[in-house]
Amino acid sequence: MIREIKTDELNKLLELYTHLHELGVPEHSEHLEKTWNAICNDENHHIIVCEVDGKIVSSCVCVIIPNLTRNIRPYAFIENVVTHADYRGKGYATACLNYAKEPAQKVDCYKMMLLTGSKNDKTLNLYKKAGYNSDDKTAFIQWLYGVML
């Protein structure tokens with residue numbers, strides 16, 4: 001089942017993120033709770049999940065960004081695409097990415113963007129098959145102080 005995350009599923013999501021690049025589940029803190037509440041209360045922030053047998057096995061984040069160009073049409077940014085290692089290759093991430101189009105289309109986004117740090121051909125082909133290309137834009141990233149890689 002593909003859907004948006006529920007507010008009581010933070011721990012399940014954090015556990016899934018250990019299959020992304022996290023070294024562990026962050027300690028519960030006031031900062032974590034404030035951040036989670038801000039995400040849950042932001043109508044432009046969508047965490048899409050794939051649930052199999054009651055377990056969240058894949059997810060992506062779709063953030064809608066208001067915009068003053070392109071006839072004042074917003075755009076969407078996709079981040080944190082992850083699938084549990086035991087569930088990869090079954091189309092769950094693709095299903096999450098396809099579902100992420102819904103909130104973007106609902107508010108008339110003119111494009112969706114996705115960045116990846118992966119050089120893995122399987123990962124890159126997943127994004128290409130989901131309709132993304134790497135020909136139209138060039139991405140640059142500036143890591144800010146305190147960012148954990």
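The stops below cover a serine, the nonpolar cores and the salt bridges.

**Before you start.** This is a predicted model.

**Stop 1: Ser59.** Select strand S3, residues 55-65, and pick out Ser59 within that strand. Is Ser59 buried or exposed? Ser59 has a relative accessible area of 0%, so it counts as buried, a label for values under 20%. The side chain of Ser59 reaches the backbone oxygen of Ile48 at 2.8 Å. Beyond its neighbours within four places in sequence, they include Leu13, Leu16, Asn80, Val81 and Cys96.

**Stop 2: Val81.** Move on to Val81. Setting aside neighbours within four places in sequence, Val81 is in contact with Ser59, and also with Leu20, Cys60, Ala93, Leu97, Leu114 and Tyr127.

**Stop 3: the cores.** Which residues touch the most other members of the largest nonpolar core? Select Cys60, Ile78, Val81, Leu97, Leu114 and Tyr132: these are the ones, in a core of 20 residues. Next, colour the elements that give two or more residues to this core: strand S2 (45-52), S3, strand S4 (75-83) and helix H3 (92-106). H3 gives the most, with five residues. Another core, of 13 residues, lies apart from this one; select Leu14, Leu16, Tyr17 and Leu32 among its members. In soluble globular proteins, nonpolar side chains tend to be buried together.

**Stop 4: salt bridges around Arg3.** How many salt bridges does the structure hold? There are four. Start with Arg3 and Glu9. Their closest N and O atoms are 2.7 Å apart. Both Arg3 and Glu9 are buried. The side chains of Glu51 and Arg3 meet in a salt bridge at 2.9 Å, N to O. This pair links distant parts of the chain: Glu51 sits in strand S2 and Arg3 in strand S1 (residues 2-4), 48 residues apart. Glu51 is buried, as is Arg3.

**Stop 5: Asp108 and Arg73.** Select these two together. Asp108 forms a salt bridge with Arg73, with the closest N and O atoms 3.2 Å apart. Asp108 lies in the loop between H3 and strand S5 (112-114), and Arg73 in the loop between S3 and S4, so the pair ties together parts that are 35 residues apart in sequence. Asp108 is partly exposed, with a relative accessible area of 42%. Arg73 is partly exposed too, at 28%.

**Last stop.** Return to Arg3, Glu9 and Glu51. Salt bridges that share partners join these three residues into one network.

Technical notes:
Residues numbered from 1 in each chain as written. Predicted model: local features only at pLDDT ≥ 70, side-chain atom pairs only at ≥ 80, totals over all residues. Heavy atoms only, no water. Helix = DSSP H or I, 4+ residues; strand = E, 2+ residues; numbered from the N terminus. Buried < 20%, exposed > 50% of the residue type's maximum accessible area, 1.4 Å probe, protein only. Polar contact = N/O pair within 3.5 Å; in protein donor to acceptor, adjacent residues only side chain to side chain. Contact = heavy atoms within 4.5 Å. Core = buried A, V, L, I, M, F, W, Y, C linked by side-chain atoms within 4.5 Å.
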